[in-house]
Amino acid sequence: MNFGSKSFKPRPPDKGSFPLDHFGECKTFKETFMRCLRENSFDNSKCRLQSKDYLECRMDHQLMAREPLQKLGFKDLMDPPPSQEESTP
Amino acid sequence: MRRHSRKSRSQEEEWRTRNKTVLTYIAAAGVGMIGLSYAAVPLYRLYCQATGLGGTAVAGHDTDQVEMMKPVKERVIKVTFNADTHASIQWNFRPQQTEIYVVPGETALAFYRAKNPTDKPIIGISTYNVVPFDAGQYFNKIQCFCFEEQRLNPHEEVDMPVFFYIDPEFDDDPRMARVDTITLSYTFFEAKEGQQLPLPGYSYN
């Protein structure tokens with residue numbers, strides 16, 4: 001153990017570990033998300049809808065604890081007015 | 001002559017007592033220094049936790065933050081992904097994207113892939129690292145695949161997601177002003193009996 005040398009301290013994830021998707025149940029959603037990333041030069045802000053879909057798929061197949069999407073940071077994707085678009089960074 | 005020797009004797013005694021006192025003080029100071037250097041370790045850790053220096057976790061953030069946080073759209077950060085396996089584990093483990101552009105305050109999803117090319121099931125367990133270390137305190141994982149044993153059956157391949165966000169306070173930290181790339185590294189080990197990994201909450205000091 002080093003005294004005084006800066007070292008990284010890993011922290012556990014907030015909601016624990018994702019169970020493995022052994023049967024590839026959400027693989028299509030992942031593929032859609034990855035395709036979106038590739039088409040948008042890996043800009044996460046443009047693919048949030050796809051990431052929301054992927055996480056919803058996980059929740060539907062018991063691969064993730066069900067949570068309201070606001071708690072996962074998708075509040076802006078759930079706003080009622082359908083004309084609201086995400087502003088590009 | 002006798003007077004001289006008496007005076008010198010009492011002077012000697014004086015010197016001896018003075019020397020003894022000085023030596024006692026020096027010895028006490030020495031012991032004090034050694035004690036301080038041992039106490040410094042837990043004290044430093046406490047100080048780091050309170051001020052968040054050196055990448056240690058600053059008192060747990062609450063999950064309401066995820067709901068309430070506002071993305072800092074002007075501050076684009078490149079997150080690059082790295083995957084490693086320890087020599088003993090035969091998985092093929094790699095990231096599915098080399099980089100992703102995120103902004104603080106916005107949740108992001110990224111994928112790794114792991115394949116077990118062997119004929120027997122292998123159980124792996126992973127830990128992660130964030131570089132630069134100081135940015136690590138702002139890197140929050142909501143959910144990932146680390147720190148718990150993951151079992152891959154023979155010839156099985158799975159997608160492994162990481163769901164994370166960068167704390168919006170990252171943009172307010174002057175020390176982070178020049179940081180525009182953060183690298184996330186995962187390393188997989190084979191889970192064996194009695195193996196010690198640098199896992200959080202696992203005391204190995």
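Residues are numbered from 1 along each chain as its sequence is written, while chains are lettered from A and ligands numbered from 1 in the order in which they are written. Because the model is predicted, local features need pLDDT of at least 70 and side-chain atom pairs count only at pLDDT 80 or more, though totals for chains, interfaces and linings use all residues; side-chain values use heavy atoms, with hydrogens and water left out.

Start with confidence. pLDDT is the predictor's confidence in each residue, from 0 to 100. Chain A has a mean pLDDT of 81. In chain A, 80% of the residues reach 70 or more. A contact means heavy atoms within 4.5 Å.

Now look at where the chains meet. Chain A brings 42 residues to the contact, and chain B brings 56 residues. Between them, about 4,700 Å² is buried. Buried area is the accessible area (1.4 Å probe) that two parts lose on being put together, summed over both. Carbon and sulfur atoms give 57% of the area. Phe8(A), Arg11(A) and Phe18(A) supply 18% of what chain A buries against chain B, more than any other three residues.

Val130(B) sits in strand β5 (residues 122-131) of chain B. Helices (H or I, at least four residues) and strands (E, at least two) are DSSP runs, numbered from the N terminus. Is Val130(B) buried or exposed? Val130(B) counts as buried because its relative accessibility is 0%. The cut-offs are under 20% relative accessible area for buried, over 50% for exposed, and partly exposed in between (1.4 Å probe, protein chains only). Beyond its neighbours within four places in sequence, Val130(B) touches several residues, among them Phe8(A), Phe139(B) and Ile182(B).

Side chains of opposite charge can pair when their charged atoms come close. A salt bridge is a side-chain nitrogen of Lys or Arg within 4 Å of a carboxyl oxygen of Asp or Glu. How many salt bridges are there between chain A and chain B? The count is three. One joins the side chains of Lys30(A) and Asp159(B), at 3.2 Å from N to O. On the side of chain A that touches chain B, the elements giving two or more residues are α1 (27-39) and α2 (48-60) of chain A.

Over all chains, the count comes to 18 salt bridges. Take Glu14(B) and Arg18(B), whose closest N and O atoms are 3.8 Å apart in a salt bridge. Both lie in helix α1 (residues 2-51) of chain B, four residues apart, about one turn of the helix. Glu14(B) is partly exposed, at 48% relative accessibility.

Another pair reaches across the sequence. Glu157(B) and Arg113(B) form a salt bridge, 3.7 Å from N to O. Glu157(B) lies in strand β8 (residues 157-166) of chain B and Arg113(B) in strand β4 (residues 108-115) of chain B, so the pair ties together parts 44 residues apart in sequence. Glu157(B) is partly exposed, with a relative accessible area of 37%, whereas Arg113(B) counts as buried at 18% relative accessibility.

These residues belong to a wider set. Lys30(A), Glu31(A), Arg94(B), Arg113(B), Glu157(B) and Asp159(B) are linked in a network of salt bridges.
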